[in-house]
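Visitor: I am new to this structure. Please show me how to read it, one feature at a time.

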Amino acid sequence: MRKAFVPSLLAALAFSGCAAAYSEPEAVAPAASVAPSGTAATAEVETGSVTFSMPEGGIDLEGAAVLAWDDATRAANFRRMEDFFPGYEVAPSDNPRVLSAGDALPAATVAAIEAYMARGDIAGIMVLQNGRVRHEQYGMDFGRDQRWTSFSVAKSLTSTLLGAAVKDGFVASLDDPVSKYIPGLVGSAYDDVTVEQLATMTSGVKWNEDYTDPNSDVARMFDTQPAAGEDQVVEYMKTLPREAPAGEKWVYKTGETNLIGVLVENAVDMTLAQYAKDKLVDPAGLASPLFWQVDLSMRNIGGCCLSMALADYARIGQFALEGGEGVVPEGWFNAAGAPQVDFGEAMGMPGFGYGYQWWTYPGGNYGAQGIFGQSITLVPSQNLVVAMLSNWPKASDRAQSMERLALMATIAAGAGPAE
């Protein structure tokens with residue numbers, strides 16, 4: 001049963017007085033030293049390979065948070081994160097989804113997109129309707145053969161892998177306690193939290209997501225060097241206290257999406273990257289390699305840090321729009337993209353809320369969001385997907401979110417009804 005929740009103060013301020021999609025600051029990379037692995041390990045999966053990569057000479061991330069990069073550095077580095085961070089490279093599908101050309105959007109809609117891109121901080125926008133490309137445009141010297149990082153867009157993909165684990169029987173029920181799949185959380189504040197409450201960020205566990213605060217949970221979690229054999233995420237998250245009964249308070253927590261990643265990896269006995277190859281890359285027909293960063297435990301970061309080509313972000317959106325048939329339980333995206341956490345009742349803004357790691361918007365629309373303006377927006381009633389990659393001047397800003405929301409409304413109005 002869905003409930004109305006009062007979001008955290010920061011979220012409330014982001015929503016107050018505007019119809020803007022909200023994203024809080026988040027962790028973007030481990031803030032500690034990672035030693036070189038010495039060799040590249042390759043894990044074979046059913047229809048391709050997933051290869052571990054380490055930047056040449058290893059990498060020292062101490063004190064080098066992405067949020068500290070200036071605008072020019074972000075613009076240069078967002079398209080090549082694999083040069084700076086360790087992670088898994090996932091081969092594309094052997095049968096990529098063909099994105100054929102559709103009718104061009106109306107001239108007035110195209111003009112609105114071009115005016116938005118003229119700001120100079122948009123790397124690309126792709127509009128799909130009925131699975132066909134109605135608009136594709138690039139900026140910032142970025143092109144279709146390159147990939148761009150997307151930060152918390154990864155949360156929605158990790159949620160989809162959770163759905164796949166349910167479909168495959170690795171996760172028996174969303175009502176199961178999280179500690180059933182992450183034994184390291186037994187005896188912690190997460191012991192009585194369900195998988196569903198983790199997916200909706202309603203655990204009731206206390207958390208500070210302010211990445212500008214060096215003492216925040218999100219900063220300390222990524223700054224903690226795990227002992228040999230220990231899991232970085234679990235070792236930190238199990239120390240957190242409870243502030244509300246499970247299921248009664250929503251607070252945005254990157255750490256909890258990282259826990260979902262641990263949960264899925266434990267349940268399916270493979271990395272998120274390996275599982276994504278079989279459950280996302282191939283079914284969605286991604287045409288280019290995907291890169292997904294790892295944390296200090298060499299786990300894929302469930303809440304962050306994957307890079308793809310613009311068209312592949314759009315393909316992921318189309319896959320979700322079509323229901324993920326055969327990969328997730330029937331009706332999964334109807335639930336995942338619905339306001340399980342309803343901000344509207346508290347804020348007087350119907351439709352805005354949070355599902356299973358997807359943000360929800362009025363009219364039954366939903367989407368994935370990452371800092372600096374990355375997004376995949378879905379409009380099911382019009383069979384419409386809009387993927388955007390960017391380098392906003394600020395990681396998260398209400399005015400920027402309002403501009404994007406207005407552009408999405410303009411695109412939807414111009415696109416017209418689905419076939």
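Guide: Let us start with one residue. Leu 310 sits in helix α10, which spans residues 310–321. Keep in mind that this is a predicted model.

Visitor: Is Leu 310 buried or exposed?

Guide: Leu 310 is buried, because its relative accessible area is 0% and buried means under 20%.

Visitor: Which residues is Leu 310 in contact with, beyond its neighbours in sequence?

Guide: Leave aside the neighbours within four places in sequence. Take Tyr 138: it is 172 residues from Leu 310 in sequence, yet the C-alpha atoms are 9.2 Å apart.

Visitor: What share of the contacts in the protein chain join residues at least 24 apart?

Guide: Count contacts between residues at least 6 apart in sequence; 71% of them join residues at least 24 apart.

Visitor: Now the whole chain. How many helices and strands are there?

Guide: The protein chain has 13 helices and 17 strands. It has 419 residues, and 61% of them are buried.

Visitor: What is the mean pLDDT of the chain?

Guide: Read pLDDT as the predictor's confidence in each residue. The mean here is 86, and 85% of the residues reach 70 or more. Residues 4–47 stay under 50. For that stretch the model has 148 contacts beyond four places in sequence.

Visitor: On to aromatic rings. How is a pair of aromatic rings described?

Guide: Two values describe such a pair: the distance of the centres and the angle of the planes. The count in this structure is 21 aromatic pairs. One of them joins Tyr 354 and Trp 359.

Visitor: Are Tyr 354 and Trp 359 buried or exposed?

Guide: Tyr 354 is buried, at 0% relative accessible area. Trp 359 is buried too, at 3%.

Visitor: What lies in the loop between β13 and β14?

Guide: Gln 357 is found there; β13 covers 353–354 and β14 covers 359–361. Gln 357 has a positive phi of about 70°, although it is not a glycine. Its relative accessible area is 2%, so Gln 357 counts as buried.

Visitor: Which rings link into a cluster?

Guide: Ring pairs connect Phe 78, Tyr 138, Phe 142, Trp 148, Phe 151 and Phe 372.

Visitor: What lies over the face of Tyr 116?

Guide: Arg 119 does, at 4.4 Å from the ring centre. Arg 119 also forms a salt bridge with Asp 121, at 3.1 Å from N to O. Arg 119 is partly exposed, at 30% relative accessible area. Asp 121 is buried, at 10%.

Visitor: How many salt bridges does a search of the whole structure find?

Guide: The search finds 21 salt bridges. Another one joins Glu 243 to Lys 249, with the closest N and O atoms 3.4 Å apart. Both ends are partly exposed: Glu 243 at 35% and Lys 249 at 31%.

Visitor: Where do Arg 299 and Glu 265 lie?

Guide: They form a salt bridge, with the closest N and O atoms 2.8 Å apart. Arg 299 lies in the loop between β10 (290–293) and β11 (306–308), and Glu 265 lies in helix α8 (residues 254–268), so the pair ties together parts that are 34 residues apart in sequence. Arg 299 and Glu 265 are both buried. Salt bridges can also share partners: Glu 82, Glu 89 and Arg 147 join into one network.

Visitor: Last, what is a disulfide?

Guide: A disulfide is a covalent bond between the sulfur atoms of two cysteines. The whole structure has 1 disulfide. Cys 304 and Cys 305 form it, at 2.2 Å from S to S.

Visitor: Why is the disulfide right-handed?

Guide: The torsion about the S-S bond is about 70°, so the disulfide is right-handed. Both cysteines are buried.

Visitor: Where is the place of Cys 305?

Guide: Cys 305 is in the loop between β10 and β11. Cys 305 has a positive phi of about 75°, though it is not a glycine. Its relative accessibility is 1%, so Cys 305 counts as buried.

Key. Residues numbered from 1 in each chain as written. Predicted model: local features only at pLDDT ≥ 70, side-chain atom pairs only at ≥ 80, totals over all residues. Heavy atoms only, no water. Phe/Tyr/Trp six-rings, centres within 6.5 Å; stacked < 30°, edge-to-face > 60°. Buried < 20%, exposed > 50% of the residue type's maximum accessible area, 1.4 Å probe, protein only. Lys NZ or Arg CZ within 6 Å of the ring centre and 35° of its normal. Disulfide = S-S within 2.5 Å. pLDDT = per-residue confidence, 0-100. Contact = heavy atoms within 4.5 Å. Salt bridge = Lys/Arg side-chain N within 4 Å of Asp/Glu carboxyl O. Helix = DSSP H or I, 4+ residues; strand = E, 2+ residues; numbered from the N terminus.
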